[in-house]
Amino acid sequence: MLDRRSFLIRGALAGAAAFAAGAAGPLRAAMSPPRWAPYDEAMVIDGCGFIGDADAGPGEALSQRLIDEARGSGLRVIQTTVGPVAQYEGAYEEAVRSIGLWENEIDRHPDVFARVRTGADLERARREKKLGVVYQFQDSAPIGEKLERVDDFHRIGLRTVQLTYNVRNLVGDGCMEAGNAGISRFGHNLIERLNERRILIDLAHSGRRTATEAIAASKAPVLISHTGCAALVERPRNKTDAELRAVADGGGVVGIYLMPFLRESGQPMAADLIRHIEHAVKICGEDHVGIGTDNMLSPVELSEKYKARHREDIRDRRRLGISAPGESETVYLYIPDLNTPRRFETLAGLLSARGHSDARIGKILGGNFARVMGQVWG
C-alpha cells in the first residue's frame, strides 16, 4: 500500500537476542527474547513508524502478512507518514491520496485498525487491542503557502506536522542546512495556525536554530518524534542536550529512533538504542522520552535483494541532496537483535533487566506520547 520511495519507508528492526544484566551491567546474549509482563495491557506507541511492503506498488492494499503482523505486534498506536518529503510539486495531492489509502485500509480492517483523532481514541485503541493510526507529515511542504490547508488536513485526520525535513523549506532550515537560519516569518504563522487547530508540532529533522525557535514560539508542547542524542553520537539528525531539555521544559516528548545514527559506525544494536534512551531520560526526565522507530513494523530479511535496494536508495538520496551524514550503503535500517514486530516488548524486557521500573518503562513505551497527544488534540 505504501510506496517505499514516496514515503521513504525505513527498514524494520527487531527479533531479540540480548538482554540486560542489571541497572549498570552490560548487555549480554540470550537464547530467547526477554518478556515484559505488563506489555499486552500497556499503551505502546511508535512515534514514527510505517506499515508497508517495499515490494508493493503505489496504492497497493496491505497484504495479509502485514495485517497479521500489525495485529500481533502489541502496538496500540502508530504515527505514520502521509505525503512526500523535500518536494513541493504535487505534495498536496500526494498527501490527500495517501490519507485516502489509509482510510480505505482502516475501513477494510476495522478489527485491526482504528482512526485516532483525540486522546479518547488513543485509550479506545488500547482498550480494544487495535492499532490506532495517526496521520503525520514529515515535511510541511503539502501545506505550501496556504495556511488554510491546515484546516483542510485537520478535517481529514492530520494530527502531527513535522516542520522541516533535512533541507530548507518555506518554514525553516532542516538539519542539513549549513546556514542554520531558523524559523521564517511564514513559519511563525504556521506554528500559530497549528496551535489554533490543535495539531502537534514535530521537530525531527529540524536544524538546531529551527528547533530552538519553534519550541519557544509554540504555545503547546512539541514532539521530536524520532531522533538520537548528539552528546553520544554527533550527527545532524541527533539532538543536543539543550534541544532535548527545551522540549522537556515545554512539556513535550522526545522519541528515540532505531537508526544508524545511534552509533559512529557499524550496525546499531539494542545496546546502542538503550544508551540513547537512558541518556535522554537523564537529560529530559522519564516523563519526556518515548520511541519513534523510523522503521517499518515488519522484520527485515537481509537478502541480497534488500541490500541492493538499500544501496540504490542511499545513492538516490545523495543525488537528491537529502542524505544525512551517517547514512551508509552497508549499514541497514534495522536493529538485528530487535528484528520482530514485537520489538517494543523485547525492548521493555531489556530495560526491565537493567533495573528500570515498570512505571518508567510504560511511560517510555508510549505513556508519555499519549499524555502529550491527548493534551494537544483534546
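Biologist: Which residues of the largest nonpolar core touch the most other members?

Modeller: Of the 82 residues in that core, Ile 51, Trp 102, Phe 113, Leu 163, Leu 203, Ile 256 and Leu 273 touch the most other members, where a nonpolar core is a set of buried Ala, Val, Leu, Ile, Met, Phe, Trp, Tyr and Cys residues joined through side-chain atoms within 4.5 Å. Helix α9 (residues 270–284) gives the largest share of this core, eight residues; helices (H or I, at least four residues) and strands (E, at least two) are DSSP runs, numbered from the N terminus. Apart from it lies another core, of 15 residues, among them Val 116, Leu 200, Ala 370 and Met 373.

This is a predicted model, in which local features need pLDDT of at least 70 and side-chain atom pairs count only at pLDDT 80 or more, while totals for chains, interfaces and linings use all residues. Residues are numbered from 1 along each chain as its sequence is written, and side-chain values use heavy atoms, with hydrogens and water left out.

Biologist: How do you know whether Ala 178 is buried or exposed?

Modeller: Ala 178 also lies in the loop between β8 and α6, but its relative accessible area is 81%, so Ala 178 is exposed.

Biologist: What makes Asn 195 buried or exposed?

Modeller: Asn 195, in helix α6, has a relative accessible area of 19% and is therefore buried. Among the residues that Asn 195 touches, not counting those up to four places away in sequence, are Ile 201, Ala 217 and Lys 219.

Biologist: What is the phi of Arg 198, and what is the phi of Asp 294?

Modeller: Phi of Arg 198 is near 60°, a positive value in a residue other than glycine, and phi of Asp 294 is near 60° as well. Arg 198, in the loop between α6 (185–196) and β9 (200–202), is partly exposed because its relative accessible area is 42%. Asp 294, in the loop between β12 (289–291) and β13 (295–296), counts as buried because its relative accessibility is 3%.

Biologist: How is the packing of α11 (residues 343–353) and α12 (residues 358–377) described?

Modeller: Two packed helices are described by the angle between their axes and the distance between the axes. Here the axes come within 10 Å and cross at roughly 145°, the axes being lines fitted to C-alpha atoms over the stretch in contact, with angles that run from 0 to 180 degrees between N-to-C directions. The contact is made by Phe 344, Ala 348, Leu 351 and Ser 352 of α11 and Asp 358, Ile 361 and Leu 365 of α12.

Conventions. Buried means under 20% relative accessible area, exposed over 50%, partly exposed in between (1.4 Å probe, protein chains only). Contact means heavy atoms within 4.5 Å.
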